[in-house]
Amino acid sequence: GFMAAAEAQGWEVIFADGGADAESTVQAVEDLISNDIDALAVSTNYSESLMDTFATCTEQGIPIFYIGNLNLVPEVQEYMTFWEGTRSDSAGYLGGVWVAQYLDSIDYKKDLNIVCVSLMQDTLLQRYEGFAQGLEENGYTVNLVNTVGDLTRENSLTGCEDMLTAHDDLDIFYGTAGTSALGAYDATQNSGRTEVMVVGFDGEDEEIQHVDEGGNYIATICQDPVGEAEVTVEAIKTVLDGGTVEGGHETPAQVYGTGTGYVTSEELLGE
C-alpha cells in the first residue's frame, strides 16, 4: 500500500525489511538513512531499539513517519513528525456494532454469554471492552463468563475447550488476536459445538477463509494497512511541500463479516 501510494507521487522508494529482530531492524534503518533520503517511514515492533537512529535522523533533518502505532513510548514519539494507527477500543467497538446488527438479522436472543480469548494485556483487553460496548449500545446484555488463552493458538484452544466443557450456554468466543480466535474456532470444531460463534481480530487469511465458509466464524475486525499507508504518504507530501502535520492520527478499522465482506467505519457508524 505504501509503495503504490508513494510511487503515485512520483517518488523513488527504497524498501528495507528489518526482519524479526531488533539488530537487523536497526541495521536496515541505518542503511536507509545513509542513502540521502528525504523522509523515513517506519513500521516495526522495535521502535525503542531505534532511538539512536531516530536521533541521527533528527540531526540530519530527516522527518520520520510511523505507520501503525498510536501507543509509541514518549521517548520515541518525540522524534516523530507524524504517527498514526488504529485505536484498540474503537476497533473493538466497530466489531461490536457489526455483530449486534448481524444478531438482529437472525433474531438472536438479547442476553449474551461471551468468553474473551486474550492475553491479559491492556491494549488487547481494550479491544474486548470496545466490543462489549458496541453490543451494549445496540441493545444487548453482555455477560463476560471468563477470559482465557493468550496470543498462541494452542493455549487459546485449551482454554476454550475448558470453557465448552464447563458451560453449555456460551454464545460467542471473542478473540483479541487472530491466533486467539483461531484457537477458539478449533475448540468449537473439535467438540462439535459450532453453535458458539467466533469473532476475531486481525483479518488473517485463515480468518477470512472461515468467514467465507459461512460457519460459526462470523467476523474478524481488521486494521486497514493500505489506508494507513495512504494517510502516511499524504502526511509526507504535506511536510515535503513545506506544511505541517499533527501526529496521532486515528485510522479506522474495518470488519470482515459473514454475508457482508469488508464493512468500513463510515458504513457502520456513518462517520
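In the predicted model, Asp 171 is buried, since its relative accessibility is 2%, below the 20% limit for that class. The residue is located in the loop that connects α7 (153-166) with β6 (172-175). A polar atom of the Asp 171 side chain lies 2.8 Å from the backbone nitrogen of Asn 113. Beyond the residues up to four places away in sequence, Asp 171 touches Tyr 108, Lys 109, Asp 111, Leu 112 and Asn 113, and also Glu 195, Val 196 and Met 197.

Thr 141, a residue of strand β5 (residues 141-148), is in contact with Lys 110, Asp 111 and Leu 112 when neighbours within four places in sequence are set aside. Thr 141 counts as partly exposed, because its relative accessibility is 42%, a value between the limits of 20% and 50%. From C-alpha to C-alpha, Thr 141 is 25 Å from Asp 202, and 61 residues separate the two in sequence.

Asp 36 has a phi near 55°, a positive value in a residue other than glycine, and is placed in the loop between α2 (22-33) and β1. Its relative accessibility of 68% puts Asp 36 in the exposed class. For Asp 107, phi is likewise positive and near 55°; this residue belongs to the loop between α5 (88-105) and β4 (111-117). Asp 107 is exposed, as its relative accessible area is 72%, where the class requires over 50%.

At the level of secondary structure, the protein chain contains eleven helices and eleven strands. Its radius of gyration is 21 Å, close to the 18 Å given by the globule rule for 271 residues, and the chain is therefore as compact as a globular protein of that length. The C-alpha trace spans about 60 × 40 × 30 Å along its principal axes. Of the 271 residues, 47% count as buried. Among contacts with a separation of 6 or more, 67% are made by residues 24 or more positions apart. The accessible surface of the chain amounts to about 12,800 Å², and carbon and sulfur atoms account for 44% of this area.

An open sheet is formed by four strands in the order β1-β2-β3-β9, with parallel pairing. The edge positions are taken by β1 (40-42) and β9 (249-250); each has a single partner strand, so one side of each is left without a neighbour in the sheet. The partner of β9 is β3 (residues 82-85), and the two strands pair in the parallel sense over two bridges. Within this pairing, Glu 84 has His 249 of β9 as its bridge partner.

A further parallel pairing links β7 (residues 197-201) with β8 through four bridges. Here Gly 200 is opposite Thr 220 in β8. Strand β8 (residues 217-222) is largely enclosed by the rest of the structure, because six of its six residues are buried. Antiparallel pairing is found between β10 (residues 254-257) and β11 (residues 261-264), which are joined by four bridges. In this case the bridge partner of Tyr 256 is Tyr 262 in β11. The two strands form a hairpin with three residues between them, and Gly 259 in the turn has a positive phi of about 80°.

A search of the whole structure finds zero disulfides. Cys 116 is in no disulfide, and the nearest cysteine sulfur, belonging to Cys 160, is 9.7 Å away.

Note on methods
Residues are numbered from 1 along each chain as its sequence is written. This is a predicted model: local features need pLDDT of at least 70, side-chain atom pairs count only at pLDDT 80 or more; totals for chains, interfaces and linings use all residues. Side-chain values use heavy atoms; hydrogens and water are left out. A disulfide is a pair of cysteine sulfur atoms within 2.5 Å. Two strands pair if DSSP finds at least two bridges between them. The radius of gyration is taken over C-alpha atoms; the globule rule is 2.2 Å times the number of residues to the power 0.38. Buried means under 20% relative accessible area, exposed over 50%, partly exposed in between (1.4 Å probe, protein chains only). Contact means heavy atoms within 4.5 Å. Accessible areas come from the Shrake-Rupley method with a 1.4 Å probe; for residues, only the protein chains shown count as cover. A polar contact is a pair of N or O atoms within 3.5 Å; within protein, one must be able to donate a hydrogen and the other to accept it, and residues adjacent in sequence count only if both atoms are side-chain atoms.
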